[in-house]
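Reader: Could you walk me through a fold the way you would read it yourself? I would like the general idea first and the case after it.

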Amino acid sequence: MAEFSFDSNEVEAADEYQQIPAGRYTMVVTDTDLMLTKKAKEANDPKLGQYIKVRFQIVSGEFQNRVIFQNFNVVNANPKAVEIGQQQFRNLLECCGIKKITDTSEIHQKVVVADIKNTPDNGYGVGVDVKRFYEAGKSSKTTIVESAAVEPSGPIAF
């Protein structure tokens, strides 16, 4: 057993978690990774399943700095899953002004507007899923980020 001292009176209680409601948000891509699906990990075979995991950060409004993850299937035994994943990823790339990439880091710090929906609670709480991406410059309620620093521009969720 490790000796450890902790006094909860010295730590401020965390605010209650507030679910991000469905709506339209301006977000910046902060990280990407090519991941193996559970099945591919278990078999140690990337040909069984891969997806691109994209981390977004909301740049303004009540939910500024909150993080949303979106996965895009790129290798899967189900061809429909791959088709949908590729179409969604294409939508993201087009909204970033990119047609072709060789490294997912090419979309880092790109800003997009996204319509998100809430997903059912599957044991981990209600989640969010991106329905569609839009170019940030096409909307009057967006924030363009020129560098890694994200500046708020006011509320954008509705």
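Author: Let us begin with what a strand is here: a DSSP run of E with at least two residues, numbered from the N terminus. Please keep in mind that this is a predicted model. As a case, T32 belongs to strand β1.

Reader: Is T32 buried or exposed?

Author: The cut-off for buried is under 20% relative accessible area. T32 has 10% relative accessibility, so T32 counts as buried.

Reader: Which side chains make polar contacts with the side chain of T32?

Author: T104 is one, in a polar contact of 2.7 Å. H108 is another, and that polar contact is also listed at 2.7 Å. Leaving out residues up to four places away in sequence, T32 touches K53, V54, T104, S105, I107 and H108.

Reader: Now the sheet. What is the order of the strands?

Author: The general idea is that strands of a sheet pair through backbone hydrogen bonds, either parallel or antiparallel. In this model, 5 strands form an open sheet in the order β3-β2-β1-β4-β5, and the pairing is antiparallel. β3 and β5 are the edge strands, each pairing on one side only. From one strand to the next, the twist averages 45 degrees.

Reader: How many bridges join β1 to β2?

Author: There are 9 bridges between β1 and β2, which run antiparallel. For a landmark, L34 has I52 in β2 as its bridge partner. On to the next pair: β1 and β4 are antiparallel over 6 bridges, and R24 has D115 in β4 as its bridge partner. Then β4 pairs with β5 over 8 bridges, again in the antiparallel sense. D115 turns up here too, with R132 in β5 as its bridge partner.

Reader: Which strands does α2 touch as it packs on the sheet?

Author: α2 touches β2, β3, β4 and β5. The direction of α2 makes about 130 degrees with that of β3.

Reader: And the core? Which residues have the most contacts inside the largest nonpolar core?

Author: The general idea first: in soluble globular proteins, nonpolar side chains tend to be buried together. Here the largest nonpolar core has 23 residues, and M27, F56, L92, I107 and F133 have the most contacts inside it. The elements giving two or more residues to this core are β1 (23-36), β2 (49-58), β3 (67-76), α2 (79-95), β4 (111-119) and β5 (127-135). There is also a second, separate core of 5 residues, with V28, V59, V111 and A136 among them.

Reader: Let me zoom in on F133. Which residues does F133 touch?

Author: Not counting residues up to four places away in sequence, F133 touches M27, F56, F72, Q88, N91, L92, C95, V112, V113 and A114.

Reader: How many residues separate V67 and V28 in sequence?

Author: V67 and V28 are 39 residues apart in sequence, while their C-alpha atoms are 9.7 Å apart in space.

How values were computed. Residues numbered from 1 in each chain as written. Predicted model: local features only at pLDDT ≥ 70, side-chain atom pairs only at ≥ 80, totals over all residues. Heavy atoms only, no water. Core = buried A, V, L, I, M, F, W, Y, C linked by side-chain atoms within 4.5 Å. Buried < 20%, exposed > 50% of the residue type's maximum accessible area, 1.4 Å probe, protein only. Helix = DSSP H or I, 4+ residues; strand = E, 2+ residues; numbered from the N terminus. Contact = heavy atoms within 4.5 Å. Pairing = 2+ DSSP bridges. Axes fitted to C-alpha atoms, helices over the stretch in contact; angles between N-to-C directions. Polar contact = N/O pair within 3.5 Å; in protein donor to acceptor, adjacent residues only side chain to side chain.
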